[in-house]
Amino acid sequence: MHEQFGILGLGAAGSNIANIFENKGYVTMYINTSTEDLNCIKGVHKVVIPGEGAAKDRKRVLQLAMESFGDIVQKIESVLMHKYIVVIFSAGGGTGSGLSTPILKYLTQIGKI
């Protein structure tokens, strides 16, 4: 099953949960606007969205993400080459909830969800 599913953690909460999957052998990627939060994760594939933190501002996350969305998508495609991608995030109002909509929309369009 590990070879069919890639794990994508968005924001601090999503990354912390995704890290559990990486510890169980899944290929995992982490995306956040906070370098500090990503430094707490011992995972391999980390993407920092430029702008240093969202402070629970979904509009800011969306703006920052759209500025570098092509780079984000390229990194996802280069690491998570699985049949399915499981996306983990919280709806608390920061990077995960702000980034979830465009990421899920993109992954749905390419048939990974």
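Reply: Start with a term: contact means heavy atoms within 4.5 Å. This is a predicted model, where local features need pLDDT of at least 70, side-chain atom pairs count only at pLDDT 80 or more, and totals for chains, interfaces and linings use all residues. Residues are numbered from 1 along each chain as its sequence is written, and side-chain values use heavy atoms, with hydrogens and water left out.

Me: Which residues is His82 in contact with, leaving aside its neighbours within four places in sequence?
Reply: Find the place of His82 first: the loop between helix 4 and strand 4. Helices (H or I, at least four residues) and strands (E, at least two) are DSSP runs, numbered from the N terminus. With neighbours within four places in sequence set aside, the contacts of His82 are His2, Glu3, Gln4, Phe5, Gly6, Val27 and Lys112.

Me: Is His82 buried or exposed?
Reply: Use the cut-offs: buried means under 20% relative accessible area, exposed over 50%, partly exposed in between (1.4 Å probe, protein chains only). His82 has 9% relative accessibility, so the word is buried.

Me: What pattern does the protein chain follow along the sequence?
Reply: The protein chain has 5 helices and 4 strands. Read along the sequence, the pattern is β-α-β-α-β-α-α-β-α.

Me: Why does the radius of gyration of the protein chain agree with a compact globule?
Reply: The radius is taken over C-alpha atoms, and the globule rule is 2.2 Å times the number of residues to the power 0.38. For 113 residues, a compact globule would have a radius near 13 Å, so the chain agrees with its own value of 13 Å.

Me: Which residues is Ile76 in contact with, beyond four places in sequence?
Reply: Ile76 is among the core members that touch the most others. Leaving aside neighbours within four places in sequence, its contacts are Leu8, Met29, Ile31, Ile85 and Ile103.

Me: How many residues are in the second, separate core?
Reply: Among its members are Ile7, Ala18, Ile41 and Ile88. The count for this second core is 7 residues.

Me: How far apart are the C-alpha atoms of Ile49 and Val61?
Reply: Ile49 lies in the loop between strand 3 (45-48) and helix 3. Its relative accessibility is 1%, so Ile49 counts as buried. Ile49 and Val61 are 12 residues apart along the chain, and their C-alpha atoms are separated by 8.7 Å.

Me: Is Glu67 buried or exposed?
Reply: Glu67 lies in helix 3. Its relative accessibility is 60%, so Glu67 counts as exposed.

Me: Which residues does Ser100 contact, leaving aside its neighbours within four places in sequence?
Reply: Ser100 sits in helix 5 (residues 95-109). At 6% relative accessibility, Ser100 counts as buried. With those neighbours left out, its contacts are Leu10, Phe89 and Thr95.

Note on methods: A nonpolar core is a set of buried Ala, Val, Leu, Ile, Met, Phe, Trp, Tyr and Cys residues joined through side-chain atoms within 4.5 Å.
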